[in-house]
Amino acid sequence: MDWKGLSPRRRRLAALNGVLLAALLCFIWGNSMLGREQSSQESAAVLELVEPVLEMAVGQGNVTEHLVRKLAHFTEFAALGALGVSLLALLGAGRGRRLAYALPFGLVCAAMDEGIQIFSDRGNQISDVALDFSGCLTGALLMWLLVLAAGRLRRRRNRRYSQSGKAA
């Protein structure tokens with residue numbers, strides 16, 4: 001992974017991806033710093049927004065603040081895993097390294113997230129670390145598959161151009 005060997009376009013995309021990843025971590029950890037009451041108020045506000053949509057999936061009356069919190073954990077960390085794999089792909093990491101680096105990073109971030117909650121008077125739960133890591137794993141795998149598919153399409157397109165005599 002050589003930053004200098006990247007095209008200017010890839011460098012810009014990698015930098016943007018890194019900024020998004022850092023912003024997402026600030027958002028995740030910032031929410032973990034909220035006290036119990038403020039966190040509950042924010043979850044209640046989100047619940048009002050997503051309840052109609054979630055009720056289509058889990059049934060009317062089954063959407064709770066607890067469910068919204070757990071889905072938020074999973075979704076935030078799925079995005080973290082996807083951004084991690086995307087960044088590593090842009091930086092030229094090999095296929096196996098993308099997951100090998102992104103997943104431990106996600107696990108450390110999940111453990112730190114729960115550690116932060118100790119100081120915010122909310123307590124921490126090992127089950128939340130597992131849920132966060134499951135989200136990270138899901139997002140990382142989905143992005144890994146997407147990057148693989150995009151690479152195959154690009155190689156196929158380049159083969160067609162080279163076979164037709166056009167410049168690749």
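This is a predicted model: local features need pLDDT of at least 70, side-chain atom pairs count only at pLDDT 80 or more; totals for chains, interfaces and linings use all residues.
The protein has five helices and zero strands, so it is more spread out than a compact globule: the radius of gyration is 20 Å, well over the 15 Å that the globule rule gives for 168 residues.

**Overall shape and surface**

- Reading from the N terminus, the elements go α-α-α-α-α.
- Taken along the principal axes, the box that the C-alpha atoms fill is roughly 65 × 35 × 25 Å.
- Of the 168 residues in the protein, 34% are buried.
- Take the contacts between residues at least 6 apart in sequence: 72% of them join residues at least 24 apart.
- On the charge side, there are 20 positive and 13 negative charges, and their mean positions sit 28 Å apart.

**Helix α1**

- Helix α1 covers residues 8-32, which makes 25 residues.
- From first C-alpha to last, α1 reaches 36 Å, close to the 36 Å expected at 1.5 Å a residue.
- Its buried residues are A14, N17, L21, L24, L25, I28, W29 and S32.
- As a general point, an α-helix has 3.6 residues a turn, so residues three or four places apart point the same way.
- The partners that the buried residues of α1 pack against are α3 and α4 (95-119).

**Helix α2 and S43**

- Helix α2 runs over residues 36-58, and S43 lies in it.
- S43 counts as buried because its relative accessibility is 10%, and the cut-off for buried is under 20%.
- Leaving out residues up to four places away in sequence, S43 touches E65, V68 and R69.

- Helix α3 takes in residues 65-90, or 26 residues, and reaches 37 Å between its first and last C-alpha, close to the 38 Å expected at 1.5 Å a residue.
- After α3 comes G92, with a positive phi near 90 degrees.
- T75 is part of helix α3.
- With 49% relative accessibility, T75 counts as partly exposed, since exposed would need over 50%.
- T75 and G139 are 64 residues apart in sequence, yet their C-alpha atoms are 8.4 Å apart in space.

**Helix α5 and V129**

- α5 has 38 residues and spans 55 Å from its first C-alpha to its last, close to the 56 Å expected at 1.5 Å a residue.
- The buried set in α5 consists of D128, V129, D132, G135, C136, G139, A140, L148 and G151.
- Those buried residues of α5 pack against α3 and α4.
- V129 is found in this helix, which covers residues 126-163.
- V129 has a relative accessible area of 15%, so it is buried.
- Setting aside residues up to four places away in sequence, V129 touches L107, A110, A111 and E114.
- V129 and E51 are 78 residues apart in sequence, and C-alpha to C-alpha they are 25 Å apart in space.

**How the helices come together**

- α3 and α4 are packed against by the buried residues of α1, and by the buried residues of α5 as well.
- G139 is one of the buried residues of α5, and its C-alpha is 8.4 Å from that of T75, which lies in α3.

Methods
Residues are numbered from 1 along each chain as its sequence is written. Side-chain values use heavy atoms; hydrogens and water are left out. Helices (H or I, at least four residues) and strands (E, at least two) are DSSP runs, numbered from the N terminus. The radius of gyration is taken over C-alpha atoms; the globule rule is 2.2 Å times the number of residues to the power 0.38. Buried means under 20% relative accessible area, exposed over 50%, partly exposed in between (1.4 Å probe, protein chains only). Contact means heavy atoms within 4.5 Å. Lys and Arg count as positive and Asp and Glu as negative; His and the chain ends are not counted. The place of a charge is taken as NZ of Lys, CZ of Arg, CG of Asp or CD of Glu. The expected span of a helix is 1.5 Å times one less than its number of residues.
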